[in-house]
Amino acid sequence: MKHLSRSARKLLFLIFSLCFVAFGRGASLAQNSNSGQLQLQVMDPSGAALQVNGTLTGPSRQQRTYQTDALGRITFCGLATGHYTLFVSRPGFASQALTIDMSATTTVSREVTLSVEGDTTSVTVVSRTPIGNADATLDQIPVRIQTLTAQQIQNSNAIDLTDAMKRRLNGVYINENQNNPFQPDVNYRGYTASPLVGAPAGLSVYLDGVRQNQPFGDVVQWDLIPKIAINTMELIPGSNPVFGLNTLGGAITVQTKSGLTSSGLSVTSYGGNFGRRAVEAEYGGRNGPWNWFAGGTLFHEDGWRVLSPSSVRQSFAKLGYNKSNTIISVSGGYAINSLTGNGTQDIRAINRTVGLNHGYNSVYSIPDDTDQHSPFLTINATHSLSHGLAVNFNTYVRYTRTNTVNGDINDDSFTESLYTLSAADKAALTKAGVPFPTTPITPANTPFPYLRCIAASLEISSGGSGEPAEKCTGVNTETVGRQHAYGLTMALSWSTTHNKLSLGSGFDTGSLTYIQNSQWGYLNPDGLTLTLVPSFNDGSERDDDGTLDDDRVNLHGFTTTPSFYITDIFSVGKWVINAGGRYNRTDVNNTDGLPPTTSGRSGLTADNLFQRFNPTAGLVYKASSSLNAYFNYGESSRAPTSTELGCADPNFPCSLPNALVSDPPLKQVVARTFEFGARGNPNGRYSWFAGYFHSINYDDLLFVASQQTGFGYFQNFGKTRRLGVEAGTLAHLHDLDASVEYTFLQATYQSTQIIGSGSNSSNSNALSGEKGVTDGGVITIVPGDQIPQVPQHMLKVFGDYHPLKKLFVSTDLQAIASSYVKGNENNLHQPDGQFYLGSGKVSAYAVINLGARYTINSHFELFAQMNNLLNQKYYTTGQLATSPYNDNGNFIAREFAPYTSGDYPVRNTIFVSPGAPFTVFGGLKFTIARR
């Protein structure tokens, strides 16, 4: 605790105080409530008693682990009315799962006989709704849900949730646009959950029933989800409307630990290369109806790339009350993180062995820093009204403050005269006492020109007509984002032997403030850092076509979404019928804090309303205990974000995320998905699955080129399609768990559209004879063109092996096919060796990881992890962009002669995001008093 700030310690104290206050009255009211008992007796086929382990999962998905005594007996007391799943397991015997309905004051007795037959049985209970106890077994759901448990995440030695997902979940892949391990774009079936403003959102993310997609841009800040607190995680595929907005391609739900699932104290400390060092601690327990859990993480690494440190500080606490018919939990946490994401780098710099900023670990420019502070508080409650009938309640409050600083090379300076000082420049420099050479300035004697930038700033400050937007080689952008989110959801669940019905309604609201300012500067001789000048991109000057250069943003907005949903599972014979739907009504109200400009920009102020009812229906046919088939159809929608609404006017295009302008209404995106498949022996020792999915987005949102300028705007874009096949086989043996899983994914545009892409060799400028000219260059997308950053083939293999009782070895392989880079949406880019470099794709890659854990005794466990075991050089994503550097790494402005039109060409290349090289870390886990 001494490593936490004073404010963090105060918040944790406040959380616990609120917990006790909230539960004080509930405890007194519940003391006299009745509760049920479950008596369990386990035997082998001969009738002899067996000592076994297992789990009991009950209402609101509360789970407790247990071990029977030497006579195979255990009694569970104080069980609330509701639906329970009892899992019984012992090595060498076939596991069993039982479904039990408990009533108040009832004592239920069960005798279980475990056989020694070859097949093992495992039943996983998953949630059909964001909150509550509307649980179902996997064979009742008409899609394939993938799960991760706390134990599986620990066994993988993953540093966070996204690391575990990319290595263990089929169809999940990562684009490292930020190139920070805690800031990836997580993708599934061609849909994205990203921390970057402006990225198209298509996956919804929930933590304890609370939506994690932020009000501004629907971004997901993965670094705010504490790995130490994760109990279970589920990936639910398809356009599932029950999980609300943004569930176009799927939903990710995370449930946190409690004193019922994680009792005892454990401390883990580890370190490795690149300055990685971390401490994780958790403590949980229970006493009577009360249970508690607290955990925290302190993580720091210097980063494997140049100047790329990151620090993550996360805390989490939960207090629970579980007695009779009532379950309540109050949880909260605080994250204080400082992340460096240096983004993509010119592929030529990566491959160079000499010059500035070369090599696989090099970066293009700095700084690229993100600082985040985020406290949150969540309350969940479930009360059983009668047998099978329960009411669920969820409310939350979350605050997130995000500060970013980004130093970038100004691409508008690449075609400018940066070496020859004008008379006005010399006069301004002389007046300010800034020395300048009397001999001509050239790229040879001044490899990083800066005097014209200083002179332009001086001229602007004295009321002149300087042009720092063109003469300065660097620009520094700072943003401040403050977001408040509040919500309340209530649901009613009714479960019988053949029917499971859930009705719910919710109200979510969020406020945001987003402020952005840019300052001009020049690139220093180190080729990385900037020296800033007192001139800002604040509308104080106009560019060549008379448009104001103004990157300022001061946006204030409110987003409110009332909604209601219904979902039902009905079982009859071998058939299981699923049906449901959700209505959302979203109001996005933006207010521009900047004054109107003389350019005619109308500002960001607008009020937009989006509403829709989205249905879903599906079937499961259980042909036998070892084979079932399924079909599912679903629709889901997402409203345009404040970002997209702020850049939707073709008369005033912008270049996001650097500017926002007026917002005519856009239509919401609607996704329609159907899928079907089969599961073989799903609960057995050997199992397999195969399925097909087909999704179409209607009125998809795309950044479209303006016909008058090189900028663009968001526009509803006809249709996009994502279809594919998922298949795999899994083995659950006594000492080995293994799987081989494959995904074929085809993501294509299904409409024709013109978009801006000046660095693409097939753009309009190149086709007209002006190769290398970027301003105003556009390309045409036609149906069938593949969407960038989406690989067609993914293969994942993993194996968890216990060669010895105390030794655990884990290995995994991810093989990802090539994909097109951003800027090559028409898939036609071809390098010419002069103006256009790079293939327009990132190559396929394969990464192997290896880890091990050794249990010394019940208190100490050693572990080690080696990632990218073969030290492969690979790239997860890329983009086409301009570069002022020649092949030797020298900065040269106006390297090429102009065309007769007066336009200067520039060099265009591929920028890629390199994956981490061979990384090794290891440590020690200390555990006491775990029950």
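Trainee: How are α5 and α6 oriented to each other, roughly parallel or roughly perpendicular?

Mentor: Two packed helices are described by the angle between their axes and by the distance between those axes. In this predicted model, the axes of helix α5 (residues 423-432) and helix α6 (residues 451-461) come within 9 Å and cross at roughly 80°. α5 and α6 are therefore roughly perpendicular to each other, where angles of 65 to 115 degrees count as roughly perpendicular, under 35 as roughly parallel, over 145 as roughly antiparallel and the rest as oblique. The axes are lines fitted to C-alpha atoms, for helices over the stretch in contact, and the angles run from 0 to 180 degrees between N-to-C directions. Helices are DSSP runs of H or I with at least four residues, strands are runs of E with at least two, and both are numbered from the N terminus.

Trainee: What should I keep in mind about the numbering and the model itself?

Mentor: Residues are numbered from 1 along each chain as its sequence is written. The model is predicted, with local features needing pLDDT of at least 70 and side-chain atom pairs counting only at pLDDT 80 or more, while totals for chains, interfaces and linings use all residues, and side-chain values use heavy atoms, with hydrogens and water left out.

Trainee: Which residues make the contact of α5 with α6?

Mentor: With contact meaning heavy atoms within 4.5 Å, α5 contributes A424, D425, A428, L429 and A432, and α6 contributes L451, R452, I454, A455, L458 and E459. The residues of this contact divide into 8 nonpolar, no polar and 3 charged.

Trainee: Which residues of α5 are buried, and which are exposed?

Mentor: Buried means under 20% relative accessible area, exposed means over 50%, and partly exposed lies in between, using a 1.4 Å probe and protein chains only. In α5, D425, A428 and L429 are buried. They cover an arc of only 95° around the axis, which puts them on the same side of α5, the arc being that of the directions from the helix axis to the C-beta atoms. These buried residues of α5 pack against α6, whereas A423, T430 and K431 are exposed on the other side of α5. After α5 comes G433, whose phi is positive, near 75°.

Trainee: How many residues of α6 are buried?

Mentor: In α6, 9 of the 11 residues are buried, so the helix is largely enclosed by the rest of the structure. Among them are C453, A456, S457 and I460. α6 is followed by G463, with a positive phi near 85°.

Trainee: In what order do the strands β4, β1 and β7 form their sheet?

Mentor: Strands of a sheet pair through backbone hydrogen bonds, either parallel or antiparallel. Here 3 strands form an open sheet in the order β4-β1-β7, with mixed pairing, and two strands pair if DSSP finds at least two bridges between them. The edge strands, β4 (73-79) and β7 (107-113), each pair on one side only. Strand β1 (residues 36-43) is joined to β4 by 5 bridges, and the two run antiparallel. Q41 stands opposite R73 in β4.

Trainee: Where is L813 found, and with which residues is L813 in contact?

Mentor: L813 is found in strand β42 (residues 807-816), and at 22% relative accessibility L813 counts as partly exposed. Leaving aside neighbours within four places in sequence, L813 is in contact with L795, K796, V797, A846, V847 and I848.

Definitions and conventions:
Nonpolar A, V, L, I, M, F, W, Y, C, P; charged D, E, K, R; others polar.
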